[in-house]
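Good morning, colleagues. Please take a moment to look at the sequence and the structure, and then I shall go through a few local features.

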Amino acid sequence: MKFRFSNTRRFLKISLLSIAALLFLFFLLNFIFPLPDKIEYSTIVTDGKGEVIHAFLTKDQQWRMKTELDEISPLLRKTIIEKEDKYFYYHPGINPFSITKAFFKNLFHWKRESGASTITMQVARALEPKKRNYWSKCVEVFRSFQLELKYNKQEILQMYLNLVPYGGNIQGVKSASVLYFSKSPDHLSLAEITALSIIPNRPSSLVIGKHNDRVVQERNKWLKKFAADKVFTAKEIQDALNEPLTATRGTVPKFIPHLAYKLKKQGGDIIHTNIELNAQLKIEKLVSDYSRALTLKNIRNAAVVVIDNRTHKVVAYVGSADFKDTLDAGQVNGAAAIRQPGSTLKPLLYGLCIDGGLTTPKMVITDVAVNYDGYAPENYDKKFNGYVTMEYALEHSLNIPAVKSLRALGKNELIQKLAVCNFKQIKKDQGKLGLSMILGGCGTTLEELTGLYSIFANDGVYTAPLYQRVSGGDRHGVAILSPAATFMINQILSKVNRPDFPLNWESTVHLPKIAWKTGTSYGRRDAWSIGYNKHYTVGVWAGNFSALGIPELSGANIATPLLFKIFNTIDYDTDEEWFQQPKDCDSRMICSETGMIPNDHCTDLSTDYFIPMISSAKKCDNLRELIVSADEKMTYCRMCMPLNGYKKKFYKFITPDMQRYFEENHIAYQKIPAHNPACERIFKEGSPVVTSPTNGSEYLISKKDPQPLQLSCNAGNDVGKVYWYVNNKFYKATEAKDKQFFIPDEGPVKISCTDDKGRNRDIWIRVRYVNL
């Protein structure tokens, strides 16, 4: 009895030591030979519903699409486990009984059995393919233990479904279901799952699309076995047996190619976009057909981005008219290409000016010639309009009022807001941007501009467009404009009676209720039209990727018709929904001649929107009371007015730049009489403004053919003559509105302009003579 107890103890001790040694050996080998579980998957792109709409081959040219855990339906899991490994959830990676049974059958040459390999062992074999022999089987066993140690059963099953071969270059159940059945794995039927499950055992002789009859025979054998084992109900089995197999190998979807390539660069096996495929295909067809018609004008491409304003999701994305068109560079992504934005930044500028208290929709601005340190902007038609309101300037996309407004606001304020809205090139170039940026002198993309315009549909709040599905709660945006300023801009941009309405838009075609703004870049290389309503923001670009300028190219007549067509396609019946006036926006009476709060003498009144406590409360000073002689030929100041023989009269105050505009366009206006010549008062205000040459500039003059520089100024309407001095030497006396010319000496030059009231203005320029 004692001897038997001693042997038992020895046996237990040896067993425990053996187990410990085996465990030590396993963990040592696990450290030395780590599991090769890095799997390269095909990058797949899905739409908003989770359906595969684009995919890319792996580096080894395999279709190996990753099946996510939520795509493994209970039916798929049950069928695969029943066929491949009934005891999958109970063994530690290998099934000792199956291995022993297969070993003895092979040893006595009965027949070769494949049932010894568990699902875990098949994963190990797929991760590290080797020539099939007993050594390879030992390696599989070791790798199986490693897999079971590192992963849970669900993850191992997922890896199996991702690696199982289906013939050719198809690996994984997702690749097979997409290529053979054009559906996701979780939508496969029992018959389809069973048909796919038999392929890995005989991939060369059972090819779906070539040997469908043989596949059905093998499928039905397994279905009947499932019936005998009562795995599924009789009705489920019968339905599966009756289901025909008509599948053939198809092609992987290649929709949204530009967006797919763009997002692939960011990495990830599965890219979940928010694309609404039905809308995407309709818009692609519209862009293709429209661009084909434009080729007659030598305009060969277009791009479109559509954002859902309620969710901020990008639901459609077209990078070119035809991705496969190699002749016109169809693979270039026009939606992401950096282009000049033309006038498309003006709505944001005026919105910022409203929030800054600088303007309101009916505030009057002068549209006349200006020169800011050598920069002299021009309007699109190279004409001036004199007095205009802000809303008129925006409706007609006037350039000079926009440049004036940017100068008043400060370009850094605009750049800062654009940087917040992810304008990358503008943020990069902010140190070298000037006033011309508001006219298109900067770089933007259609993606950025469409995202920017979505703020007008969201009370001025910017939320970055969502190209991919994100998890989590609500995303908080950044306030760019106030709701009041946003509403005012919306009211202006939604007017139909405006010059950028497309001339070729058929009157019989439905006109969508939208707000929109057009833009045309310098040299007519880019045509823009970006519109929005409550539901969508749509950005359209048209032009040539070669940057070829086309005389007929304009945002109004080329891009806007396509914009209207897109809105009619995706959001036809939304006329009743529009933006409501917010609480921070109010209305008030203003003087129509200035846009300011009316004074007692203002007679032409109208209503205007404004922001209480923000918008200017300055009263109209359009009319000023002056002391004049009885014959109204002379004005007096308080210091020189006589004791009698005078009267008081109101005169309209007209700035020197507007006086020049009236003079040049032969427009009559009420002139203020000249001031009393006997007055000894020195006028310190209202000195002439030298408009040419430009203060602080350097001028290069040819030695062979020197060209004179122009002398011109803006002076008050009470000024008759001005006197020009060069380097403190008198040069010439002229009428205030006349232009003179002179050839300066080389080096620094001081130019002085003195009016007949004694008011003076000095400027400095530098002149250099060069060989030209």
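This is a predicted model: local features need pLDDT of at least 70, side-chain atom pairs count only at pLDDT 80 or more; totals for chains, interfaces and linings use all residues.

Where is the place of alanine 547? Alanine 547 lies in the loop between strand E14 (536–543) and helix H20 (555–570). The phi of alanine 547 is near 65°, which is a positive value in a residue other than glycine. Most residues other than glycine have a negative phi, and most peptide bonds are trans. Because its relative accessibility is 32%, between the limits of 20% and 50%, alanine 547 counts as partly exposed.

Lysine 382 also has a positive phi, of about 60°, although it is not a glycine. Lysine 382 is placed in the loop between strand E8 (364–367) and strand E9 (386–389). Its relative accessibility is 60%, so lysine 382 counts as exposed.

Let us turn to a peptide bond. The bond from serine 692 to proline 693 is cis, with omega near 0°. Proline 693 is found in the loop between strand E20 (689–692) and strand E21.

Strand E21 leads us to a sheet. Five strands form this open sheet, in the order E21-E27-E26-E23-E24, with mixed pairing. At the edges are strand E21 (698–702) and strand E24 (729–735), each of which pairs on one side only. On average, neighbouring strands of the sheet are turned by 30° against each other, direction ignored.

How many bridges join E21 to strand E27? There are five, and E21 and E27 (residues 760–770) run parallel. Within E27, arginine 768 is the bridge partner of leucine 700.

Thank you for your attention.

How values were computed
Residues are numbered from 1 along each chain as its sequence is written. Side-chain values use heavy atoms; hydrogens and water are left out. Two strands pair if DSSP finds at least two bridges between them. Helices (H or I, at least four residues) and strands (E, at least two) are DSSP runs, numbered from the N terminus. Axes are lines fitted to C-alpha atoms, for helices over the stretch in contact, and angles run from 0 to 180 degrees between N-to-C directions. Buried means under 20% relative accessible area, exposed over 50%, partly exposed in between (1.4 Å probe, protein chains only).
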